[in-house]
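Notebook open, structure loaded. I wanted to look up how the two ligands sit in their surroundings.

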Amino acid sequence: MSEAAFINSENTLPRHVAIIMDGNGRWAQQKNKPRHSGHKAGVEATRNIIQECARRGIEALTIFAFSSENWKRPKSEVNLLMELFLTALQRELSKLHKNNVRIRFIGNTSSFPEKLQKKISHASDQTAGNTGLNLTIAAGYGGRWDIVESVRAIVDEVKAGKIDPNDITEESISAHICLSGIPEPDLFIRTGGEKRISNFLLWQLVYTELYFTDILWPDFDVSAFDQALNAFSVRQRRFGRTAEQIETKLNNGRL
Ligand code: IPE
Ligand code: IPE
Ligand code: MG
């Protein structure tokens, strides 16, 4: 997206959208279908929303595909989800690459099937030079895991004498945590009606606008996404300041 487009849409279009894609199982249940048909339909919804983000010039999209706690699901469902990831990646990668989408994965994927792990690194490598939508897929991800990994990396640097413990700051933790280098999420969307974070981006969501909808993920279409974007566009983000300060900034262009 061009810089000019960002300036025009300042405060109205989120630069970074983070989504908990929830409700696949219930969508299937409502249709008297097995849970896996809900996951399959969920893949289609994901594809449409990725496309829409790219089309609108949103800078980054982060989607929660599989949490560190989702390992607790029945083995048959976990296996099916792994197969679906693989086939979706195989099917979509070349088109995403052609559309200049940069794909990253966050999370601990070391227990994923080897073939899927290979496809994940292939997708990341192949699209590493792309300059369009930054698509991050959180798989095997947990917000607490993310914080622990960041702390570990910092402790290693302290042990190696590269930094002093007094140099540990919010910025240095942010620099070691997943999604560093991408602006923090502006808009968080959770479909499926639950109003919780479920161990998604704990550190990164501190000032993200939260939007919850009862729509189940497979039904989350472009018009539902529009509604979320519209809701975001009328939020006033204060970051601790007063409404008056923010209005003055909007009028004068600075604080
Ligand atoms: C989200 O849908 C997909 C994953 C967690 C992988 P769910 O499978 O959680 O659907 P519900 O919440 O049971 O309806
Ligand atoms: C969150 O959904 C994780 C993903 C969408 C990948 P869950 O369905 O696992 O969340 P809980 O268990 O209802 O909190
Ligand atoms: Mg769920």
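Started with ligand 1: an oxygen atom of this ligand is 2.9 Å from a polar backbone atom of G25. I count a polar contact as a pair of N or O atoms within 3.5 Å. The protein covers 85% of the 380 Å² of accessible area that ligand 1 has on its own (Shrake-Rupley, 1.4 Å probe).

Ground rules before going on: this is a predicted model, where local features need pLDDT of at least 70, side-chain atom pairs count only at pLDDT 80 or more, and totals for chains, interfaces and linings use all residues. Residues are numbered from 1 along each chain as written, chains are lettered from A and ligands numbered from 1 in written order, and side-chain values use heavy atoms, without hydrogens and water.

Back to ligand 1. I found a side-chain N or O atom of D22 at 2.9 Å from a ligand oxygen, and a backbone N or O atom of N24 at 3.1 Å from one. Its shell (residues with a heavy atom within 4 Å) includes R35, H39 and L81. Which helix gives the most to this shell? Helix 2 does, with three residues.

Next, ligand 2. I see its oxygen atoms at 2.9 Å from a polar side-chain atom of N70, 3.3 Å from a side-chain N or O of R190 and 2.6 Å from one of S198. Alone, ligand 2 exposes 390 Å², and the protein buries 78% of that.

Methods:
A polar contact is a pair of N or O atoms within 3.5 Å; within protein, one must be able to donate a hydrogen and the other to accept it, and residues adjacent in sequence count only if both atoms are side-chain atoms. Helices (H or I, at least four residues) and strands (E, at least two) are DSSP runs, numbered from the N terminus.
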